[in-house]
Each structure stands twice: as C-alpha cells, then as structure tokens.
Amino acid sequence: MFHNLCRVSLAFSVLALALVAGPMAGHAQSTTKGSSGLPLPRFVSLKAEKVNLRIGPSTDYAVSWRYMKSGLPVEIIREYENWRQIRDADGTEGWVNQTLLTGERTAVAAPWMRGNGDNVYVMMRRDSNSSSAVIAKLEPGVVLKLSECNGNWCRAETGGVSGWLSQNEIWGAYPGEAFK
C-alpha cells in the first residue's frame, strides 16, 4: 500500500466493483478514444488531497476506498459522462469524478517490488543510461513527478532530487511511451 493512503472498505464493494467493472482486468495493449476525445487508457494523477473511489459512476454509488494523498498516479481505463474509471498501482479499480484528477504525470517506483525485503532499490541516475552515475536509491513505492519519458527512460523528481529512471522500473508510463 502507499504511505498516507487510507483505504476504507465496504463489505460488498468487491462484488459490486466486479459487477460494474466487467472484464477490464489487466493492462490495455491498444489505445482507443474515450468520450472526452482523449486516449484510453492513459495515466493521470489525483488532484485532491482526499478522493473517494466509488463502485459506480455517480455519488449514488458506495465508496469502496478513500485516497488521502494528492499526486498519486492512476490509470484512466473508462469514461462515463463526468466520471472516470481508474486503476491504481495496486490494481484497485473504481470510479472518481473527473474534477478530482489532473493531467500532471506522476509515477510510482517499482510497486511490484514492495515487500521484497531490505536493500531493494530503484536506481535514479544522472543521465538516461544504465552506466550513468547513481544519484539516488529509491525504495519501491516512492511517488515521483515525471517531466518527460523517451520510451526507455523517464526524467523524474522526488524529495528535491531530479534524475532518470528506467521506464520499466516505474508504474505511471507505458512501455515505449514518449512525452515531454
């Protein structure tokens, strides 16, 4: 789990989410356009400090989780009117209002490596190559602000340190995706 992330579970939320979400499991391979005209899937981040994740696209639906930290990366996988179905780095899915999201790109350092023991790090490097000097060792789960990705490496900042990470060691940018 993310630090500063509080999840409030309702007893029926897992079953209800499965009924609403349908067969959207796994990461999408192809890109389509949502009703907003923007590509699906796509990465964004949480704008608000507190965000309720709902089991359906309306405030009439129950809250299944509550995020307590802005800036966390999420993947929009579906759109319905003002609502976006999102997936977080842990694979949790649900619906949030679009006003609670921002296009600012963030990422999580290797969330799949959390819990693999001590001395497990993602290396932040001075330049975008594996022989470049290591300027920081990041624990899995650290949230990063992305400024660009070139398809293999992403320039990121966290805790006042800025450098490059291998794109395959973060969750928040697709393999081969490039942007500035």
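**View 1. Phenylalanine 43 and tyrosine 174 are both buried.** In this predicted model, buried means under 20% relative accessible area, exposed means over 50%, and partly exposed lies in between, with a 1.4 Å probe and protein chains only. Tryptophan 171 is buried as well, like phenylalanine 43. The structure holds two aromatic pairs, where rings of Phe, Tyr and Trp (its six-membered ring) pair if their centres lie within 6.5 Å, and planes under 30 degrees apart count as stacked, over 60 as edge-to-face and the rest as tilted. Phenylalanine 43 and tryptophan 171 form an edge-to-face pair, with 4.9 Å from centre to centre and 85 degrees between the planes. This pair links distant parts of the chain, since phenylalanine 43 belongs to strand β3 (residues 42–46) and tryptophan 171 to strand β16 (residues 170–171), 128 residues apart. Phenylalanine 43 and tyrosine 174 form a tilted pair, at 4.5 Å centre to centre and with 40 degrees between the planes. Here too distant parts of the chain are linked, with tyrosine 174 in the loop between β16 and β17 (178–179), 131 residues from phenylalanine 43. Phe43, Trp171 and Tyr174 form one aromatic cluster.

As for conventions, residues are numbered from 1 along each chain as its sequence is written, and side-chain values use heavy atoms, with hydrogens and water left out. Because the model is predicted, local features need pLDDT of at least 70 and side-chain atom pairs count only at pLDDT 80 or more, while totals for chains, interfaces and linings use all residues.

**View 2. Tryptophan 112 lies in the loop between β10 (106–109) and β11 (122–125).** With a relative accessible area of 47%, tryptophan 112 is partly exposed. Leaving aside residues up to four places away in sequence, tryptophan 112 touches Asn168, Glu169, Ile170 and Trp171, where a contact means heavy atoms within 4.5 Å. Tryptophan 112 and tryptophan 171 are 59 residues apart in sequence, and their C-alpha atoms are 9.0 Å apart in space.

**View 3. Strands β14 (residues 153–158) and β15 (residues 161–166) pair in the antiparallel sense over six bridges.** Strands (E, at least two residues) and helices (H or I, at least four) are DSSP runs numbered from the N terminus, and two strands pair if DSSP finds at least two bridges between them. The hairpin of β14 and β15 has two residues between the strands, and glycine 159 in this hairpin takes a positive phi near 55 degrees. Tryptophan 153 stands opposite serine 166 in β15. Serine 166 is buried, with a relative accessible area of 15%, and, when residues up to four places away in sequence are not counted, serine 166 touches Asn152 and Trp153. The side chain of serine 166 also makes a polar contact with the side chain of asparagine 168 at 2.5 Å; a polar contact is a pair of N or O atoms within 3.5 Å, of which, within protein, one must be able to donate a hydrogen and the other to accept it, and residues adjacent in sequence count only if both atoms are side-chain atoms.

**View 4. Arginine 155 has its place in strand β14.** At 27% relative accessibility, arginine 155 counts as partly exposed. Not counting residues up to four places away in sequence, arginine 155 touches several residues, among them Lys145, Glu148 and Trp164. Arginine 155 and lysine 145 are 10 residues apart along the chain, and their C-alpha atoms are separated by 8.5 Å.

**View 5. The peptide bond from leucine 40 to proline 41 is cis, with omega near -10 degrees.** Most residues other than glycine have a negative phi, and most peptide bonds are trans. Proline 41 is found in the loop between β2 (39–40) and β3.

**View 6. Glutamate 81 and asparagine 119 each have a positive phi without being glycine.** Glutamate 81, in the loop between β6 (73–80) and β7 (83–87), has a phi near 50 degrees and counts as exposed at 56% relative accessibility. Asparagine 119, in the loop between β10 and β11, has a phi of about 60 degrees and counts as exposed at 64% relative accessibility.
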